[in-house]
Amino acid sequence: MANPHGTPVWYEYLADDADAAQRFYADVLGLDATDSGMPGIDYRLLAAPDGAQVAGLMKRPDGMGDGPVWLTYIGVDDVDAAAAKITEQGGAIHMPPTTMPGVGRMAMATDPQGHAFYIMRGEGDQDSTSFRSSDQASPGHVVWNELTAQDQDAALAFYADLFGWRHEGAMPMGPLGDYKFVHVGRICLGATMNSFPGARPGWQPYFMVSDIDAGAARLTVGGGTIVQGPDQIPGGDYSVVAQDPYGARFGLVGPRLKESAA
């Protein structure tokens, strides 16, 4: 993939029940699943309503984590060099650099605080469209990446050295500290925040919906939970922190349309 080093290129849902998760995210986000055709593994490709593939879905490997989860893939220029740097900085590699024919080279890691993510270099030169910044957003694509960390500044220092990320701009959150925006190059990827009671540390993707209230309604009808929101965010859209019926956290971002405004 030709995306600049340090930009998100893929997302992956690890499910305990892949069929149930597929139905839920089809209903809530309009993600259409197809078989990847990868031999020996049930790996499903999830496409946004515009037809672009944005994420993968597979069964969670036995013993991996505490439950279903969304994981983020970050594009790098050199997977092996990035993996070496991760361990040098106090992180850990849980899947060593591996090449998947027709896909690319990747490795699974955790940062020094234990937050899981992938690094990847795609085999082709085409840009990934899984993540789209807000000015290019369309429903079903991730538009925001949020890290809740025990120490957001230490986490950012790790990712800054690894990916060239930087904090630029912030939103005060009272006793919780600042919600600090994360940039690479000219792109705003999302934000970091310090953990607090009831928070779920780790990375969380936010998917765009065409109508935040309709999206929130689909979420609850499907058995999911609204953890927070809808809250208005800079730029005029609204966000919802959500939890699916199986315990995985994710978010929704979208406008509040007049005909469905609460």
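Predicted model: local features only at pLDDT ≥ 70, side-chain atom pairs only at ≥ 80, totals over all residues.
Residues are numbered from 1 along each chain as its sequence is written, and side-chain values use heavy atoms, with hydrogens and water left out. The end C-alpha atoms of residues 138-255 lie 12 Å apart. The span is 19% helix and 48% strand. Helices (H or I, at least four residues) and strands (E, at least two) are DSSP runs, numbered from the N terminus. The UniProt record, an unreviewed entry, places "domain: VOC" at residues 7-122 and 138-255. Such annotations may be inferred rather than shown by experiment.

**Helix H1.** I checked the length of H1 (residues 18-29) next. At 1.5 Å a residue, its 12 residues should span 16 Å. The expected span is 1.5 Å times one less than the number of residues. The end C-alpha atoms are 16 Å apart, which agrees.

Why does Asp27 count as exposed? Its relative accessibility is 55%. I also compared Asp27 with Gly215: they are 188 residues apart in sequence, but 9.3 Å apart in space, C-alpha to C-alpha.

At the N-terminal end, Asp17 caps H1. A side-chain oxygen of Asp17 lies 3.2 Å from the backbone nitrogen of Asp19. Just after H1, Gly30 takes a positive phi of about 75°.

**Cores.** I looked for nonpolar cores: sets of buried Ala, Val, Leu, Ile, Met, Phe, Trp, Tyr and Cys residues joined through side-chain atoms within 4.5 Å. The largest has 50 residues. Among those with the most contacts inside it are Trp70, Tyr159 and Phe163. Helix H3 (residues 152-163) gives the most to this core, with six residues. A second, separate core of 12 residues includes Tyr43, Leu45, Met58 and Tyr73.

**A cis bond.** Most peptide bonds are trans. Where is a cis one? I found it joining Gly229 and Pro230, with omega about 0°. Pro230 is in strand S14 (residues 225-232).

Conventions: Buried < 20%, exposed > 50% of the residue type's maximum accessible area, 1.4 Å probe, protein only. Polar contact = N/O pair within 3.5 Å; in protein donor to acceptor, adjacent residues only side chain to side chain.
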